[in-house]
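Subject: Structure handover

Hello,

Here is the structure I promised to pass on to you.

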Amino acid sequence: MPLKTLNRDHATPRKGRGAGINPEGRFEQIAREAFDDGWGQPPVAETAGLSLPALETHVTVEYAKSIISRNDSPDIPFTQSINPYRGCEHGCIYCYSRPSHAYLNLSPGVDFETRLFAKVNAAELLRRELARPGYQCEVISLGANTDPYQPLEREYKITRGILEVLAACGHPVGIVTKSAMIERDIDILAPMARKNLVSVFISLNNLDHDLARRLEPRCPAPARRLEAMRRLSAAGIPVGVLVAPVIPFLTDHQIAPVLEAAYRAGARSAGYVLMRLPWEVKDLFRNWLETHYPLKARHVMSRVREMRGGRDNDPDFGSRMRGSGEFAELLCRRFEIVCERLGYNSGQRNRSLDTTRFRRPLLDGQLALFNEGDA
């Protein structure tokens with residue numbers, strides 16, 4: 001199979017995109033980089049001082065062979081997850097999932113945001129996997145890798161199909177998203193919540209709309225995410241806020257304002273994650289910093305390394321989510337103090353989801369009349 005080469009065009013992010021470069025993935029053996037030798041002519045848009053045209057999103061229909069992913073990571077609170085899509089149009093520059101596009105012979109940069117894959121057979125696969133005699137019911141997480149409610153979901157409705165299967169089977173699910181599109185599925189989620197089968201976390205790391213637009217170009221604005229929290233909470237759906245990622249000198253000072261605003265919106269659970277920069281994400285984030293916040297770039301990366309044991313990224317279990325060192329400890333304490341003051345992470349709304357209601361589906365679409373333990 002011939003090796004595919006990718007270029008590093010788009011040094012300045014196109015409108016609505018997070019990455020400004022399109023570097024080769026770490027598995028590529030050939031790299032190609034644009035170089036001006038003086039013979040070519042600059043683009044008309046550049047000479048006229050105009051912005052370049054927006055990049056289109058290309059979607060490939062994928063028929064997956066399996067749908068439930070499993071992990072044994074000691075610092076992740078779930079062992080099962082489903083990712084309806086590969087790549088994410090939200091374009092968050094810090095996304096730790098970007099390197100996964102390298103497995104597809106695509107770039108973790110612009111390609112991750114513009115070349116997407118939709119697993120259109122996800123619901124049917126899920127039904128088959130849940131019907132297996134050896135399946136053991138545990139909470140399934142949606143949103144562990146890419147956002148299940150990214151703009152693509154509006155057309156493909158893969159996440160909704162997955163929820164319909166889980167609801168019919170009485171299977172618990174945890175959802176993490178940045179999108180207000182989750183409101184569309186309140187008709188499914190509210191009945192599940194009454195049976196203690198669902199919890200939702202909305203990811204929100206700052207309230208500055210200008211910063212959010214640069215960090216997460218195709219995500220709903222912070223105010224819109226807070227409104228989604230209100231509507232979910234009003235429908236009786238347990239909702240929490242995930243302050244993630246925390247970025248030194250950019251978003252760390254907004255921990256308290258975000259927690260306060262989310263609490264007023266109905267969130268009663270809270271968590272945070274320190275920014276992770278695995279593999280190609282390091283270069284992508286540096287390029288973004290130099291483009292948008294050049295005066296802060298050195299300070300941000302210096303503090304990142306102080307909280308990551310002198311490295312840009314710490315992959316070790318136990319410290320990769322929270323960091324290490326004095327600054328990481330101070331950050332953790334600040335978060336805990338605000339949570340204690342507001343009353344987060346206490347009470348009945350933080351109980352474990354119910355796994356006893358699960359009924360194994362039959363492959364003809366019908367459900368078994370009894371649980372195995374009842375027969």
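Predicted model: local features only at pLDDT ≥ 70, side-chain atom pairs only at ≥ 80, totals over all residues.

As for the overall picture, the protein chain has twelve helices and ten strands. Of its 375 residues, 51% count as buried. Among contacts between residues at least 6 apart in sequence, 78% join residues at least 24 apart.

**Parallel strands**

Strands S7 (residues 173-177) and S8 (residues 198-203) pair in the parallel sense, with five bridges. Within this pairing, Ile-175 stands opposite Val-200 in S8. To get from S7 to S8 the chain passes through helix H6 (residues 186-194), and this β-α-β crossover is right-handed. S8 also runs parallel to strand S9 (residues 239-246), and four bridges join the two. Here Ser-203 has Leu-242 in S9 as its bridge partner.

As background for both sheet regions, strands of a sheet pair through backbone hydrogen bonds, either parallel or antiparallel.

**Rings and charges**

The structure holds five aromatic pairs. One of them is formed by Phe-285 and Trp-288, which are stacked at 5.7 Å centre to centre, with 20° between the planes. Both residues lie in helix H10 (residues 281-292), three residues apart, which is about one turn of the helix.

For Arg-268, the ring is that of Tyr-263, with the charged end 3.7 Å from the ring centre. For Arg-322, the ring belongs to Tyr-272, and the distance to its centre is 4.1 Å.

Take Ser-73, which lies in the loop between strand S2 (69-70) and strand S3 (80-82). Its relative accessibility is 11%, and because buried means under 20%, Ser-73 counts as buried. The side chain of Ser-73 makes a polar contact with the side chain of Asp-75, at 2.5 Å. Leaving out residues up to four places away in sequence, Ser-73 touches Phe-317 and Arg-320.

Next comes Asp-314, in the loop between helix H11 (297-306) and helix H12 (326-342). Asp-314 is buried too, with a relative accessible area of 4%. Which side chains does the side chain of Asp-314 meet in polar contacts? Arg-311 is one partner, at 3.1 Å, and Ser-319 is another, at 2.5 Å. Neighbours within four places in sequence aside, Asp-314 is in contact with Arg-308, Ser-319 and Arg-320. Arg-320 therefore turns up among the contacts of Ser-73 and of Asp-314.

Finally, Arg-218 sits in the loop between helix H7 (209-215) and helix H8 (222-234). With a relative accessible area of 28%, Arg-218 is partly exposed. Its side chain makes a polar contact with the side chain of Glu-89, at 2.8 Å. Arg-218 and Gly-91 are 127 residues apart in sequence, yet their C-alpha atoms are 6.4 Å apart in space. Not counting residues up to four places away in sequence, Arg-218 touches Lys-15, Gly-16, Arg-17, Leu-55, Thr-57, Glu-89, His-90 and Pro-151.

That is what I have for now.

Conventions: Residues numbered from 1 in each chain as written. Heavy atoms only, no water. Pairing = 2+ DSSP bridges. Right-handed = clockwise from strand over helix to strand, strands pointing away. Phe/Tyr/Trp six-rings, centres within 6.5 Å; stacked < 30°, edge-to-face > 60°. Lys NZ or Arg CZ within 6 Å of the ring centre and 35° of its normal. Buried < 20%, exposed > 50% of the residue type's maximum accessible area, 1.4 Å probe, protein only. Polar contact = N/O pair within 3.5 Å; in protein donor to acceptor, adjacent residues only side chain to side chain. Contact = heavy atoms within 4.5 Å.
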